[in-house]
Amino acid sequence: MARHKGRGWHGRLLAAGLAVTAVAAATSVWTAQADPGQQPQADARSQDRPVAKVAADIAHASDRGERGVNITIDDGPDPVWTPQVLQLLKDNGVKAVFCMVGTQAQAHPDLVKDVVAAGHRLCDHTISHDTAMDTKSEAYQSEQILDAERMITEASGGVRPQYYRAPGGAFTPYSRQLAASRGMRPLGWNVDSKDFERPGVDTMVATVKSEVANGPTILFHDAGGDRSQTLAAMREVLPWLKQQGYSFGFPVR
């Protein structure tokens, strides 16, 4: 997976998320394990919401088998673009995974509920989209992952994220094990549409068409700026994938 570089919008989001994290450091119900060799666990109060541990390796495969593809949508929800993405997916009969930033979910709970109501799945994408998370302490990683999990679950009305995607692919063994212990399968991608850079619709479509043979999980975004190119590219890509004999599924858990 290619690491996403720093971006202006993500820089602003990181600044906001760091403020949340600073507060969370004092008040969070979660505690990180000091020994990296031990299994990360939540503190006693997390037992109010028991979860089943899942595999900690990074998922790429589709639950629809070799001709399955997984559509994943990152960084939202966004009040302008997420409703349009939801409508486009509905029009094409496609279910997707929405990798949500915790503060965005907290700010737009109605959109989180809309995503769930439409049959899509939720994914924890941390509080502040820090692409250097893999260089930070385990306590910091824990706050980013577990406080985002809480924010998303509360915004959804109780539906938990089923996956965890590290910003920019900045996974660590600790973060993968921690997410898995909370029932969130670490989620990678095989095809980066490059839509965040807005390279043009034709370029994005060509990228997906040329790279989908490399693996089934395709990355798009519904936040972080003008996503009109994303919508236009998806309008071409989704019918094309069907024409090629692909079916739409979810990443394995």
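Reader: How many salt bridges does a search of the whole structure find?

Author: Eight of them. Keep in mind that this is a predicted model.

Reader: Why is the contact between Arg185 and Asp57 called a salt bridge?

Author: The cut-off is a Lys or Arg side-chain nitrogen within 4 Å of an Asp or Glu carboxyl oxygen. Arg185 and Asp57 come in at 3.1 Å, N to O, so the label applies. The two sit in distant parts of the chain, 128 residues apart: Arg185 belongs to strand β5, while Asp57 is in the loop between α1 and β1.

Reader: What makes Arg185 buried or exposed, and what about Asp57?

Author: Buried means under 20% relative accessible area, and exposed means over 50%. Arg185 has 7%, so it counts as buried. Asp57 has 44%, which falls in between, so it's called partly exposed.

Reader: How do you know that Glu149 and Arg160 form a salt bridge?

Author: Their side chains meet at 2.1 Å, N to O, and the limit is 4 Å, so the pair qualifies. Glu149 is in helix α5 and Arg160 is in the loop between α5 and β4, so the bridge ties together parts eleven residues apart in sequence.

Reader: Why is Arg160 called buried?

Author: Its relative accessible area is 19%, and buried means under 20%, so Arg160 gets the label. For Glu149 the value is 0%, so that residue is buried too.

Reader: Which other partner does Glu149 meet in a salt bridge?

Author: Arg182, at 3.2 Å, N to O. That pair links distant parts of the chain, with Glu149 in helix α5 and Arg182 in the loop between α6 and β5, 33 residues apart. Glu149 and Arg182 are both buried.

Reader: Which residues are linked with Arg150 in a network of salt bridges?

Author: Asp147 and Glu154. As for why such contacts turn up, side chains of opposite charge can pair when their charged atoms come close.

Reader: What makes α5 largely enclosed by the rest of the structure?

Author: Of its 19 residues, 16 are buried, so the helix is largely enclosed.

Reader: And how does the reach of α5 compare with what's expected?

Author: Helix α5 covers residues 138-156 and reaches 27 Å from its first C-alpha to its last. At 1.5 Å a residue the expected value is 27 Å, so the reach is close to expectation. Just after the helix, Gly157 takes a positive phi of about 85 degrees.

Definitions and conventions. Residues numbered from 1 in each chain as written. Predicted model: local features only at pLDDT ≥ 70, side-chain atom pairs only at ≥ 80, totals over all residues. Heavy atoms only, no water. Helix = DSSP H or I, 4+ residues; strand = E, 2+ residues; numbered from the N terminus. Buried < 20%, exposed > 50% of the residue type's maximum accessible area, 1.4 Å probe, protein only.
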